[in-house]
Amino acid sequence: MEGDRVLLEVKEKYFPPKELVEGANVKDYEKLYAESIRDREGFWDKVAKELHWFKEWDKVLEWNYPHAKWFVGGKTNITYNCLDRQIELGRKNKIAYIYLDERDRERKITYGELLELVCKIANALKELGVKKGDRVSIYMPNSIEAVACMLACARIGAIHSVVFAGFSEGALRMRIEDAKAKVLITATYTLRRGKKIDLLSVAKKATQGLDFVERIVVWDRDREGVKGEKLIDLYSLIERQKPHCEVEVMDSEDPLFILYTSGTTGKPKGVLHTVGGYMVNTYYTSKVVFDLKENDLYFCTADIGWITGHSYIVYGILANGTSSLIVEGAPNYPDVGRWWRYIQRYRVSILYTAPTAIRMFMRHGSEFLKEYDLSSLRILGTVGEPINPEAWLWYYKYVGGQRCVIVDTWWQTETGSHMITTIPSYPMKPGKAGKPFFGIEAKVVDKDGKEVPPNTVGFLVIKSPWPSMLRTCWGEPQRYEKYWNTIKGYYFTGDLASYDEEGYFMILGRSDDVLNVAGHRIGTMEVESAVVENERVAECAVIGKPDPVKGQRIKAFVILKEGVKPSKEVEESIKQTVREVLGPIAVPDEIEFVEKLPKTRSGKIMRRILRAKELGLELGDTSTLED
Ligand code: WTA
């Protein structure tokens, strides 16, 4: 490993192989980008025409700052494009997904079979009384079943709200309650690191007393038999359903799904995406950024519980008729060879993963990779957090054998699809995400909205609307507006960035109280509210600290209630509380018991001061500090 380091010399620029450029879906970035900005509507109009619409739009864009409507008056259904149309194009017997669990049990499903499964679930949901506009929460393992449930909702116009199966009772309950879900779909368990994680018990507890939840549909994985109030078995429910279900004709601006994501308050926001724009934008970014071709096998290691899973395991990928691998469980269980074995066995050509996973593998050196034939790989993607040049180079050299391109895709739950990246035919710079995608105008500005000079840190903002932008925050329109009125005239991303003389963007991390732990977005206030649920805690403040593998780790400063003495036991019980309320991903790595927390005179905790002290940085402006 030490030896490897010496070999890793970072050049400023890396060029894609000639064959890849010649065969790329988009060959001339500069030209097309200029065109897409000159005539944004014309550009998206042309892209949208590559998909099926029952009725074409009257107008591409209606922009009423800060509200956008895309493909106004257009009628379509995203599942028609993801499934029916693929069959019309001759892909009925083409593999849609190869699913694998940690024990290497494999299940394959073709586009034709997936359509039937989706139709049966859609019919079952209808039988349960689910109608267009109703919300359905999905709390399931990464699996074909989960994907099919999402598509079944979309087929009948129900709005899905997928909740990551690594979240616990409190997080699940909050999301079900906020969306007022009529039905919850779950599974008996998920398998991770050889352990069964009981999802059904969590689902039952999370819905206790919620009368609006009429049914809990359960994927009973081992046919144990599910019994209980509101419970109904998924497979016996669909057994009796017809394998055809007409699509609901959806307006372009009808809601498609809600996905909750952390913000700067204790309550996650329900980001709402709509059918038409999201469909067009995820379809096109998938096609261009992953350079999808008929014979590709694509492997996205994300979970359907996050936006990456929504856009780039499900919708954008299926809309291109691509075959994918979908896996349940951990990347390094039963051993670090798991993913690489799959790449060799199935001849994966595109891998899309996160820097935290790359850094985890890096710790094992590079020798272990030599056991696998990774020569089928062509494109390597990364997402979720900034990738440090060292990890970038390791990925490029040892995984990609210096033949592959890396696409470092910057985007957010709110943006729906890729916003900044280099496309495969364009030169890459390690550690820099790259250039704005077609139709996207990204800028780096100061707090007054003034553009900063090159190589200067500022706020990353987006100037104009794009098709897959969020339309609102569910039930909280004022939170939506905040994106557009924090810095007047721009969409505020919450990220810090800089750009260089050639216009490459470098993303430096969040500027707000949002943490990024192993690529998972977690709000400091969410963790703080979970910590104070422990009966021995009086107050808490949470900060992120740099971590060599996870990007950030969580540190909590805790004031205990009168009479409670700090101890290992108290610390463990606090961690347990967070695990139960939010889930394992939000558990603080470190807890420090303190007597006092730095606050402003109005009583707001100054996490900035805690962070500066912890990391030995300048304290900055302390004039608002209480004492
Ligand atoms: C961060 C994930 C640097 C960023 C798709 C953003 C990144 C947040 C990158 C969104 C990247 C995502 N380089 N940072 N390539 N991609 N981020 O909503 O801070 O879970 O604001 O969406 O992740 O996280 P979210």
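I began with P334, which sits in the loop between β17 (323-327) and α13 (338-346). The model is predicted, and in it the peptide bond from Y333 to P334 is cis, with omega near 0 degrees.

I then looked up another cis bond, the one that joins Y65 and P66, where omega is about 0 degrees. I found P66 in the loop between β1 (59-64) and β2 (67-72).

Next I turned to positive phi values. R193, not a glycine, has a phi of about 50 degrees; I located R193 between β9 (189-192) and β10 (195-198), in the loop. Is D291 buried or exposed? I read a relative accessible area of 2%, so D291 is buried, whereas R193 is partly exposed at 39%. D291 also has a positive phi, near 50 degrees, and lies in the loop between α11 (275-289) and β16.

On to the sheet: I traced seven strands in the order β5-β4-β17-β16-β18-β19-β20, an open sheet with mixed pairing. β5 (106-110) and β20 (405-409) are at the edges with a single partner strand each, so one side of each has no neighbour in the sheet. Within the sheet, β16 (297-300) and β18 (350-353) pair in the parallel sense over three bridges, and I noted I350 in β18 as the bridge partner of Y298. Helix α6 (111-127) lies across β4 (95-100) and β5, at about 90 degrees to β5.

My last stop was D220, in the loop between β11 (215-219) and β12 (231-233). D220 is buried but has no salt bridge; the nearest side chain of opposite charge, R223, is 6.0 Å away.

Technical notes. Residues are numbered from 1 along each chain as its sequence is written. This is a predicted model: local features need pLDDT of at least 70, side-chain atom pairs count only at pLDDT 80 or more; totals for chains, interfaces and linings use all residues. Side-chain values use heavy atoms; hydrogens and water are left out. Helices (H or I, at least four residues) and strands (E, at least two) are DSSP runs, numbered from the N terminus. Buried means under 20% relative accessible area, exposed over 50%, partly exposed in between (1.4 Å probe, protein chains only). Lys and Arg count as positive and Asp and Glu as negative; His and the chain ends are not counted. A salt bridge is a side-chain nitrogen of Lys or Arg within 4 Å of a carboxyl oxygen of Asp or Glu. Two strands pair if DSSP finds at least two bridges between them. Contact means heavy atoms within 4.5 Å. Axes are lines fitted to C-alpha atoms, for helices over the stretch in contact, and angles run from 0 to 180 degrees between N-to-C directions.
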